[in-house]
Each structure stands twice: as C-alpha cells, then as structure tokens.
Amino acid sequence: MITLKSERELNLMRKSCRVVAQILEELAGLVKPGITTADLDRHAELRCQEMGVVPAFKGYHGFPATLCVSINEEVVHGIPSPHRRLKEGDIIGLDFGVTLEGWYGDSARTVTVGKVNPAAQKLIDVTRESLIRGIEQCHEGNRVFDIGFAVQNYVEAFGYSVVREFVGHGIGRALHEEPQVPNYGPKGKGIPLKVGMVLAIEPMVNAGSHEVKVLGDGWTAVTLDRSLSAHFEHTVAITPSGPEILTVT
Ligand code: MG
Ligand code: MG
C-alpha cells in the first residue's frame, strides 16, 4: 500500500529529514585521510543522541551500525570498522537515516578523501546529477519509472551503469515503504505519481558493469568487476508545485 502524507505529516518529515541532512553535512566535513569509518559512525551516533533522534539503520534487519560507509568499489551497506582507515584518493559513500517522532528521513552522498583522480570525480559528479534528473520527474501525472528512466538515460550516456539489485523506495512511518523506485526502466510506465507521496530516490552508479555481489559479512555490496561506485540519495515529497527535497539543511 502506498501512503500519501498530509501537510501535517509532511511537516514532521521535514523535521526528521533536516536532521539527517545536518548530520550528513557534518560527517562529510569530517572525511579526511587517516580517519576510520568507525570514527564517522561514532560521530553519527553521538549527534543522534544530542539531537534526540533515533538512528534508522542500527538494528534494521540486524545492521550493526548507525552509518553505512561504502569505500571505492563498495556500492552500499558497508559496515563501519575501526580497521578501515580512509586514504587519500578514496571515494566514500555515506548513507544515513533517522526517525524523529516516528517519521523517517534517509539520505546519502559520496565524498572524496583528499585529492581523487579525475575519473573518480567524474563518476561522483554524474551520479549527483543523475539524482537531480530523477527528482525533476517527481510531478503528479508522471509515473514511477519516469524517475528511473531519467536516471538511467543520463548515466549511461557517460558509459556508466546503474545498479539493479538495490532501488529507491517510499518512506514515511517506515524506512522502506511502497513503491519501489528503480534507477532504470521504461519511460511512462509504473504506478502514477501523486501529490503526498514521499520517495527516497537513490541512484547507485558503477563505473563498469551494473552487476554487484554481497560480501561474506552479509551486508557490504561491491561491484562484481571491482570498478568504482557512487551513491546519492534524497528524501523527496511530491507537492502540488512539484518535487520538494526534504533532506536539506
Ligand atoms: Mg539511505
Ligand atoms: Mg534509502
């Protein structure tokens, strides 16, 4: 079932999403060579406590941390570790969500560690822009695959590929609600988009093939060909005047 959010409910989601954006911004500012992924997770957890929000991912299907940190060929769901130290040239996907008064927010971005090579920067830039292209489709009257079509069409023009195994999602009282929001698909197909829907749109883009596999830890997804991967995500409401990005400060 797809839930449509009232204006009152949207206001609550604006609050939780603003906290997500603020903490994610802080985390991005902490990324530098030498820091461990566990350091980032500790900061995220501490800030959740200080701001009176509950981490959305910790304990979700048993995920052991507050933050997902995915380095280089890792696509999503990397587990923070005191043994993973960031190095100059790495690219780091930070994926973070909270609940506040029972309402979820979810956002992700990929950031650079020090100076990265131009190919890595290009992948990040294209993935960020593909999210914007997807968000631009969030108007009543469009259909859910219009979002994925816009993402895929943009990304593939650069020779990159979009991940199929993981998709965006509705969000609200639950982290993952219907509908699924794939980052690919045929234009004009799928369920109609309606005012009041809130969607977490999250392109995962690989420099090489779209195929991924999950490592032995049961969580970390990596590109099968070990090419670089980038990930951006916003929680977006469909309003009468079009898309509203909720995960902004
Ligand atoms: Mg996320
Ligand atoms: Mg998500």
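What spacing do the donors of the magnesium ion (ligand 2) follow along the chain? They follow the pattern D-x62-H-x32-E-x30-E, where donors are N, O and S atoms within 2.8 Å of the metal (3.2 Å for Na, K and Ca), and water is not among the atoms, so sites may look incomplete.

Before I go on, a word on the basis of this talk. This is a predicted model, in which local features need pLDDT of at least 70 and side-chain atom pairs count only at pLDDT 80 or more, while totals for chains, interfaces and linings use all residues. Residues are numbered from 1 along each chain as its sequence is written, chains are lettered from A and ligands numbered from 1 in the order in which they are written, and side-chain values use heavy atoms, with hydrogens and water left out.

Let me begin with the metals. The magnesium ion (ligand 2) is held by Asp 106 through OD, His 169 through NE2, and Glu 202 and Glu 233 through OE, at 2.1 to 2.3 Å. Here Asp 106 belongs to strand E5 (residues 103-112) and His 169 to strand E7 (residues 168-170), so that this pair, 63 residues apart, links distant parts of the chain; helices (H or I, at least four residues) and strands (E, at least two) are DSSP runs, numbered from the N terminus.

Now to the helices. Helix H3 (residues 118-135) and helix H4 (residues 144-156) have axes that come within 8 Å and cross at roughly 150 degrees, the axes being lines fitted to C-alpha atoms, for helices over the stretch in contact, with angles running from 0 to 180 degrees between N-to-C directions. H3 and H4 are therefore roughly antiparallel to each other, since angles under 35 degrees count as roughly parallel, over 145 as roughly antiparallel, 65 to 115 as roughly perpendicular and the rest as oblique. Residues making the contact include Val 126 and Arg 133 of H3 and Ile 147 and Tyr 154 of H4, contact meaning heavy atoms within 4.5 Å.

Helix H1 (residues 7-30) and helix H2 (residues 37-51) pack at an angle of about 145 degrees, with axes 10 Å apart. Among the residues that meet there are Val 19, Gln 22 and Leu 27 in H1, and Leu 40, Arg 47 and Met 51 in H2.

I will end with Gln 22, which is found in helix H1. Its relative accessible area is 34%, so Gln 22 is partly exposed. Leaving aside neighbours within four places in sequence, Gln 22 is in contact with Arg 47, Met 51 and Thr 249. Gln 22 and Leu 94, finally, are 72 residues apart in sequence and 13 Å apart in space, C-alpha to C-alpha.

Key: Buried means under 20% relative accessible area, exposed over 50%, partly exposed in between (1.4 Å probe, protein chains only).
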